[in-house]
Amino acid sequence: MCGIIGVFNNKRSAELATLGLFAEQHRGQESCGMAVNSGTTIKLRKKMGLVKEVFNPHKLDFLKGHIAIGHVRYPTRGASSIYNSQPHIVETLSGPSYALTSNGDIVNYAELRKELEEKGVYFASSNDGELLIKYIVYHVEKENYSITDAIKQLMKNVKGAYSSILATKTEMYTFRDPYGFRPLSYGKTKEGTFVVASESCALDILYMDWIKEVEPAEILICCNNDIKSIHQNPNDFRETKTNRHCIFEHIYFSRPDSFIFGENVYKVREKIGSQLAKADDLKPDAVVPVPDSSNFIALGYAKQKGVPFEFGLIRNHYVGRTFIKPEQTIRDESVYQKFNVLPNFFEGKKIVLIDDSIVRGTTIRKLVKMIKEAGANEVHVRIGSPPVKFSCFYGIDTPTREELIANNKSIKKIREFIGADSLKYLEIDDLRKTVSKPQDYCCACFDGNYPVR
Ligand code: SF4
């Protein structure tokens with residue numbers, strides 16, 4: 001999972017991109033980077049670490065220009081290293097000429113990389129973003145395609161998820177894969193600054209005058225003061241007849257204040273909670289979320305049941321999200337660093353503990369233990385998604401199938417493992433009821449129905 005941003009037509013583009021990346025920090029905390037274009041040259045800064053550490057005002061002095069594209073990374077394809085961080089740039093004889101940043105993952109990466117390498121293209125990383133930029137630049141520089149035609153060619157041959165931004169010295173191209181796996185929105189200010197971002201929360205902070213979503217297979221071209229859109233029929237490039245937005249963006253990844261795939265994330269989460277409650281005959285004393293991503297799911301559950309919604313667990317916001325730490329050892333330690341119980345809150349109570357998903361089961365197990373040690377009589381766990389049984393190949397770093405607890409254990413066995421008094425997951429049909437166009441969603445990590453392999 002990653003977050004991207006592009007700013008066009010503003011001499012403070014790097015500052016605006018920094019603010020946008022900061023709003024998208026939840027999408028990746030391993031590294032961040034920015035390429036800034038002054039019209040004659042592209043300057044690049046990328047480093048391991050958080051946005052506020054990498055892009056302080058002193059560093060931004062170096063990054064002056066009217067186009068900026070940026071990235072926050074959580075590793076999916078390629079190890080956690082600076083070489084795999086983005087943006088990627090490609091230099092031509094006249095110097096750095098192209099920069100690209102992308103969110104997603106490429107299914108036929110190995111095959112396409114081999115094809116390009118056989119044609120003499122050099123790769124410095126194992127990151128999918130480098131494949132995309134090298135693919136485009138090869139077709140433009142060696143095969144005389146226009147950039148737009150190179151992107152169309154890419155859509156025909158590159159399989160998988162990509163919400164991407166390509167900057168040249170004078171233009172900025174934004175494009176999204178034909179399935180629309182990952183979110184991508186854009187907006188414009190009254191002054192004519194164009195901004196594109198993974199999530200609309202990054203546009204809100206920059207006071208966009210209007211905001212829209214980039215359509216699957218759409219290409220947006222920013223040139224001079226103008227934005228041109230090339231709408232294409234996504235069915236010309238894909239194996240399914242409908243979109244395949246990632247349902248997990250609503251369940252967990254996106255910020256609740258974002259608007260993605262035509263829906264407000266917080267509203268979808270409330271509906272998830274409401275559906276969970278409708279399928280449950282329990283009457284708890286309090287509904288407690290695993291903060292923060294489960295807050296709105298728990299709120300929806302509590303509203304539907306008419307029972308109190310309470311913050312019994314307190315989260316330390318200065319520890320990263322446990323799900324997106326790559327090492328199991330780091331994850332285990334950070335559960336205790338990250339959560340604590342409210343003193344004297346749980347004693348004698350029958351609690352419904354709400355989480356968005358169970359991946360390995362290690363976090364929820366420790367939380368149930370923590371709450372029981374704090375005096376709760378009963379802890380009933382309710383999960384705002386169906387059991388995760390399959391890995392993701394479209395930009396989310398889920399573990400291998402062997403590591404997914406729901407792939408190895410029955411719900412009864414999972415309940416025993418996590419130590420809860422009862423455990424219920426959201427049914428997949430009930431999950432589909434929470435979005436207005438269920439046919440437009442990928443649910444492959446629950447049902448194994450992969451739209452592209
Ligand atoms: S497999 Fe799961 S996480 Fe991956 S895109 Fe599909 S719904 Fe999202």
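User: Which hand does the crossing of H9 and H10 have?
Analyst: In this predicted model, helix H9 covers residues 265–278 and helix H10 covers residues 295–305. Their axes lie 6 Å apart. The crossing of H9 and H10 is right-handed.

User: Are H9 and H10 parallel, perpendicular or oblique to each other?
Analyst: Two packed helices are described by the angle between their axes and the distance between the axes. For H9 and H10 the angle is about 45°. Angles under 35 degrees count as roughly parallel, and 65 to 115 as roughly perpendicular. H9 and H10 are therefore oblique.

User: Which residues of H10 meet H9, and how many charged residues does the contact have?
Analyst: From H10 come Phe296, Ile297, Leu299, Gly300, Tyr301, Lys303, Gln304 and Lys305. They meet H9 residues that include Tyr266, Arg269, Glu270 and Lys278. By class, the contact of H9 with H10 has eight nonpolar residues and four polar ones, and its charged residues number five.

User: How are H5 and H6 oriented to each other?
Analyst: H6 spans residues 147–157, and its axis comes within 9 Å of that of H5. The two axes cross at roughly 130°. The crossing of H5 and H6 is right-handed. The angle of roughly 130° therefore makes H5 and H6 oblique.

User: Which elements give two or more residues to the lining of the second largest pocket?
Analyst: The second largest pocket has a volume of about 430 Å³. Its lining holds 20 residues, with Ile89, Val90, Glu91, Tyr122 and Lys134 nearest the centre. Ten lining residues are nonpolar, three polar and seven charged. The elements giving two or more are strand E3 (42–48), strand E5 (88–92) and helix H5 (128–141).

User: What is the volume of the largest cavity?
Analyst: Rolling a probe the size of a water molecule over the atoms shows where empty space is left. A search of the whole structure finds five cavities of 30 Å³ or more. The largest cavity has a volume of about 120 Å³.

User: Which element gives the largest share of the lining of the largest cavity?
Analyst: Of 16 lining residues, Arg182, Cys246, Cys392, Cys442 and Cys445 are closest to the centre. By class the lining has 13 nonpolar, two polar and one charged. Helix H8 (247–253) and helix H16 (444–447) each give two or more residues. The largest share, three residues, comes from H8.

User: Where are the cis peptide bonds from Gln86 to Pro87 and from Pro291 to Asp292 placed?
Analyst: Most residues other than glycine have a negative phi, and most peptide bonds are trans. The bond from Gln86 to Pro87 is cis, with omega near 5°. Pro291 and Asp292 are also joined by a cis bond, with omega about 5°. Pro87 lies in the loop between strand E4 (67–73) and E5, and Asp292 in the loop between strand E17 (286–289) and H10.

User: What is the phi of Asn9?
Analyst: Asn9 sits in the loop between strand E1 (2–8) and helix H1 (13–23). Asn9 is not a glycine, yet its phi is positive. The value is about 75°.

Methods. Residues are numbered from 1 along each chain as its sequence is written. This is a predicted model: local features need pLDDT of at least 70, side-chain atom pairs count only at pLDDT 80 or more; totals for chains, interfaces and linings use all residues. Side-chain values use heavy atoms; hydrogens and water are left out. Axes are lines fitted to C-alpha atoms, for helices over the stretch in contact, and angles run from 0 to 180 degrees between N-to-C directions. Helices (H or I, at least four residues) and strands (E, at least two) are DSSP runs, numbered from the N terminus. Angles under 35 degrees count as roughly parallel, over 145 as roughly antiparallel, 65 to 115 as roughly perpendicular and the rest as oblique. A crossing is left-handed if the near helix is turned anticlockwise from the far one by less than a right angle, and right-handed if clockwise. Contact means heavy atoms within 4.5 Å. Ala, Val, Leu, Ile, Met, Phe, Trp, Tyr, Cys and Pro count as nonpolar, Asp, Glu, Lys and Arg as charged, and the others, Gly among them, as polar. On a 1 Å grid over the protein atoms alone, a cavity is a set of points where a 1.4 Å probe fits but cannot get out, and a pocket is an open set with protein on both sides within 12 Å along at least five of seven lines; lining residues have an atom within 4 Å of a point. Grid points are joined across faces, edges and corners, and a volume is the space filled by probe spheres set on the points.
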